Amino acid sequence: MNEGGAEAVVRPGGLIPAQPGPGEGKSVRSAVSARSEEEPTVDIVDAVDRDVNAGGAGGESGTGARADGAAAAVIAGAGPVARPGERATVRLRDDDSEEPPRYAPEWLQLRESADAAARAQDLLDPLRIRLANLPGRPGGVVVHDLGCGTGSMGRWLAPRLDGAQHWVLHDRDPYLLHFAAVASPRSAADGSRVTVETRRGDVARLTEDALTGASLVTASALLDVLTVEEVEALADACVGAGCPALLTLSVAGRVDITPEDPLDAEIAEAFNAHQRRNGLLGPDAVNATCEVFAERGATVRLHPSPWRLGPGEAALTEQWLRGWVGAAVEQRPELRERAERYLTERLAACAAGALRVTVHHSDLLALPRPRGGTA
Ligand SMILES: C[S@@+](CC[C@H](N)C(=O)[O-])C[C@H]1O[C@@H](n2cnc3c(N)ncnc32)[C@H](O)[C@@H]1O
């Protein structure tokens, strides 16, 4: 297992560093507002602003995540259109092509309520039954959230499950892990305690050993940015540990926009091709993951989880449109002129409250055969 050790353990009344990195406290406009007893929230823009002023996120990480000047690019919006896709990302260092793209926390925050509304509730009962049948554990269930980002999966799921929970939040980005830890859920549906720890590392290298004692693996908006080999490794780890997996909000490659435009299909096709670049699964993720788990003897249930975006979600729709069209043009530069016209008209319709967009996603629940003593 090649994951980093726990970075921060959060317990009620415990302490998380306000922000990793040097210069802490300098130019703080507003700290992260989180860990309220009622409803954890995190003001990401303020926290980003503070972080940039304070010398950069991940200052302790050794990744050199902030480069002078580049970090400012994180602040504005969901991420530059030059690094688009439905998943808005930013690169903090132009000089290091090996560094994976990083996700703008503003983008993850912007999509969180649409994600919450889209998630497939119907998969919860089979999951609850599975968790209820686990041998009793004094500390409750242990949930590993892979590619947790700012932690939206935990904020949605933890309060929907009964009983004590310990969440292990995995991401390769220490900056996002910080947000996830600070704004983590505190209590389960029945008021039981929820604790979290963070683990920095590459989830594509997760092993069965890393899931020893795990009751559940979750992921949200992750599968489509993995390769089939990475999904196979993930399935090997889950099936080997007898651990169920709730893998949500994978893009399905289909978008419905009202009113229609003749260019919709061409943009969608180019976007899907962009998502498949470098061997990533993109819109093939759900089918591939179903197959991979089924081949390993797991029962797999699939449920649609579309975003349904109307006038009330104009900010998200706008950012999504910019990323969607931007990725299509990056994939097929010959579309640029027509796509610019298309985007201008779509943004105007969005601003006028005259646009409805359905972005299709799927959630899947994989239930491997339980293993004695591990789950
Ligand atoms: C689209 S974001 C989703 C974040 C979060 N799950 C959500 O739904 O808001 C994908 C997340 O996966 C993380 N990620 C992607 N590939 C990863 C990998 N191989 N190892 C660890 N984290 C990864 C990214 O850093 C990012 O936080």
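**Reading loops, helices and a core**

A: Pro259 is found in the loop between strand E8 (245–258) and H7, where helices (H or I, at least four residues) and strands (E, at least two) are DSSP runs numbered from the N terminus. This is a predicted model, in which local features need pLDDT of at least 70, side-chain atom pairs count only at pLDDT 80 or more, and totals for chains, interfaces and linings use all residues. Residues are numbered from 1 along each chain as its sequence is written.

Q: Which residues does the cis peptide bond join?

A: The cis peptide bond joins Thr258 and Pro259, with omega about 0°.

Q: How are two packed helices described?

A: They are described by the angle between their axes and the distance between the axes. Here the axes of H7 (residues 264–275) and H9 (residues 314–331) come within 8 Å and cross at roughly 75°. Axes are lines fitted to C-alpha atoms, for helices over the stretch in contact, and angles run from 0 to 180 degrees between N-to-C directions. H7 and H9 are therefore roughly perpendicular to each other (65 to 115 degrees; under 35 is roughly parallel, over 145 roughly antiparallel, and the rest oblique).

Q: Which residues make the contact between H7 and H9?

A: Residues are in contact if their C-beta atoms, placed from the backbone, lie within 7 Å. H7 contributes Ile267, Ala270, Phe271, Ala273 and His274, while H9 contributes Trp324, Val325, Ala327, Ala328, Glu330 and Gln331. Leaving aside neighbours within four places in sequence, Val325 is in contact with Ile267, Ala339, Tyr342 and Leu343.

Q: Which residues have the most contacts inside the largest nonpolar core?

A: A nonpolar core is a set of buried Ala, Val, Leu, Ile, Met, Phe, Trp, Tyr and Cys residues joined through C-beta atoms within 7 Å. The largest has 90 residues, and those with the most contacts inside it are Leu223, Cys238, Val325, Ala328 and Ala366.

Q: Is Ala221 buried or exposed?

A: A residue is buried if 20 or more other C-beta atoms, placed from the backbone, lie within 10 Å of its own, exposed if 12 or fewer, and partly exposed in between. Ala221 has 22 such atoms and is buried. Ala221 lies in the loop between strand E7 (216–220) and helix H6 (228–241), and its phi is near 55°, a positive value in a residue other than glycine.

Q: Is Asn278 buried or exposed?

A: Asn278 is exposed, with 5 other C-beta atoms within 10 Å. Asn278 has a positive phi of about 55° although it is not a glycine.

Conventions
Contact = placed C-beta atoms within 7 Å.
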